[in-house]
Amino acid sequence: MLKIPFWKRSLADLSTNNYNLKEPHFGLLFDIDGVLTRGRKLLPYTRDAFRKLVTTSGQFRVPTVFVTNAGNELRSSKAAKLSQILGIPVSPEQVIMSHSPLKMYSEFHKKHCLISGQGPIADIAKNLGFTKHSPFRDYFLPIEAVVLFGEPVRWETCLQLIIDVLMTNGNPSSPIIRPPVSHLPILASNADLLWMAEAALPRFGHGSFMYCLENLYKKISGHPLQYTAIVGKPSEITYYHAEYLISRHAYELGYKQPIKRIYAVGDNPDTDIFGANVYNRYLQTRALSKLKQVVTQTAAVSLTANSTRILDTNAWTHSNAVELVANDAEHYYSAENIQSILVCTGVYNQEAYDETSSINHGHRDMIIDPELKKPKYTVEHVLDAVKLVYDIEQFH
């Protein structure tokens, strides 16, 4: 890990009016909560950072995508909020919510799904392609799958109803004869144990809700709860989608050269840093000849603690759901590496964090590898992160 404590004035500090015409071969991924904002408050230096990323007319100079594990609104709504707080136009195509990859799980879109989360759940489900879904107030028809968008408001009610559905194989009005050995499919997005809002300490995230669900189900049924898929950071599928959107944004900006390097800026070692490092490991193994094929299980070993379960129960990689773009795939999936940058404005607390601690805040199905939680770079805030990238790339 390279610590970047302070920055001297360099070419990156020159006025944004004096841009050269150099075309970037890199792109940026930004987490939102704890990096750009804390709750509803914009963090210091955020606008200064984005002034360096756009022209005087507000157009991005560098391909940029925002990757958040929030799941309580539509991409269009999040993009509109980002546009307002940053003072620059952000399109929905630049935003990845935790549930965005579920759009690729088409085999579940026509099943009758019980949806858990908060916000405009029905609109989110419809936008993702789910055509038959019920919120918790109406689940009288047989349920075929459970979809978890994020932590709900009333945890006790949602935990009870989800377990009712799982214990009865989708018919909660029927009595339980015996607990099912194999329960209904469960799709989950965002396994963050904690996230950073306006409070001084981190708040419980969807990973905390999932932890409660997993332990209650095992205690009641006697069987472990299994996920069909878990998306959102740090899953490979989310970063795979992000790589595609960065290349799409570069194309929309008029850049013709493929993106070779990606820099991921986040505040959570267990999510942002772990996910970027896992995807970087995958990029090192990716062969150009496989880019026009369905994503293989190449990187699955990085995402499961038991490689013998990869083909059956590894919820973090679901190869059937991810298909590459047939045309120009080599251009859209051209990254050679992704570098993780940790900021100190969110979950990560430089004074309290202990790299030698055995405490694991990651999901139970993730491999416990402390090395994957170590960032390539650590900086104070997002402005320092942008300066660092510009300095590395000699892009001023």
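1. The largest nonpolar core of this predicted model has 59 residues, and Leu29, Phe30, Phe50 and Phe66 have the most contacts inside it. A nonpolar core here is a set of buried Ala, Val, Leu, Ile, Met, Phe, Trp, Tyr and Cys residues joined through side-chain atoms within 4.5 Å; buried means under 20% relative accessible area, with a 1.4 Å probe and protein chains only. Leaving aside residues up to four places away in sequence, Phe50 touches Phe30, Leu36, Phe60, Phe66, Leu86 and Ile88, where contact means heavy atoms within 4.5 Å.

2. There is also a second, separate core of 22 residues, with Ile162, Met167, Leu213 and Leu225 among them.

3. On the bookkeeping: numbering starts from 1 along each chain as its sequence is written. Since the model is predicted, local features need pLDDT of at least 70 and side-chain atom pairs count only at pLDDT 80 or more, while totals for chains, interfaces and linings use all residues; side-chain values use heavy atoms, with hydrogens and water left out.

4. Now the rings. The structure holds 15 aromatic pairs (Phe, Tyr and Trp rings, the six-membered one for Trp, with centres within 6.5 Å; planes under 30 degrees apart are stacked, over 60 edge-to-face, the rest tilted). Tyr240 and Tyr282 make a tilted pair, 6.4 Å centre to centre with 55° between the planes. This pair links distant parts of the chain, 42 residues apart: Tyr240 sits in helix H6 (residues 236-252) and Tyr282 in helix H7 (residues 269-285). Helices are DSSP runs (H or I, at least four residues), numbered from the N terminus. Tyr240 and Tyr282 are both buried.

5. Tyr282 also pairs with Tyr279, again tilted, at 5.3 Å centre to centre and 40° between the planes. Both lie in H7, three residues apart, or about one turn of the helix, and both are buried. Ring pairs join Tyr239, Tyr240, Tyr244, Tyr279, Tyr282, Tyr332 and Tyr333 into a cluster.

6. Have a look at H3 (residues 121-128) too: its buried residues are Ile121, Ile124, Ala125 and Leu128. They lie on the same side of H3 because they cover an arc of only 95° around the axis, taken from the directions from the helix axis to the C-beta atoms. Gly129 follows H3 and has a positive phi, near 110°.

7. Last, confidence. The protein averages a pLDDT (the predictor's confidence in each residue, from 0 to 100) of 84, and 81% of the residues score at least 70. Over residues 5-18 pLDDT stays under 50, and the model has 16 contacts beyond four places in sequence for that stretch. Residues 318-326 also stay under 50, with 23 such contacts.

Notes: Helix = DSSP H or I, 4+ residues; strand = E, 2+ residues; numbered from the N terminus. Buried < 20%, exposed > 50% of the residue type's maximum accessible area, 1.4 Å probe, protein only.
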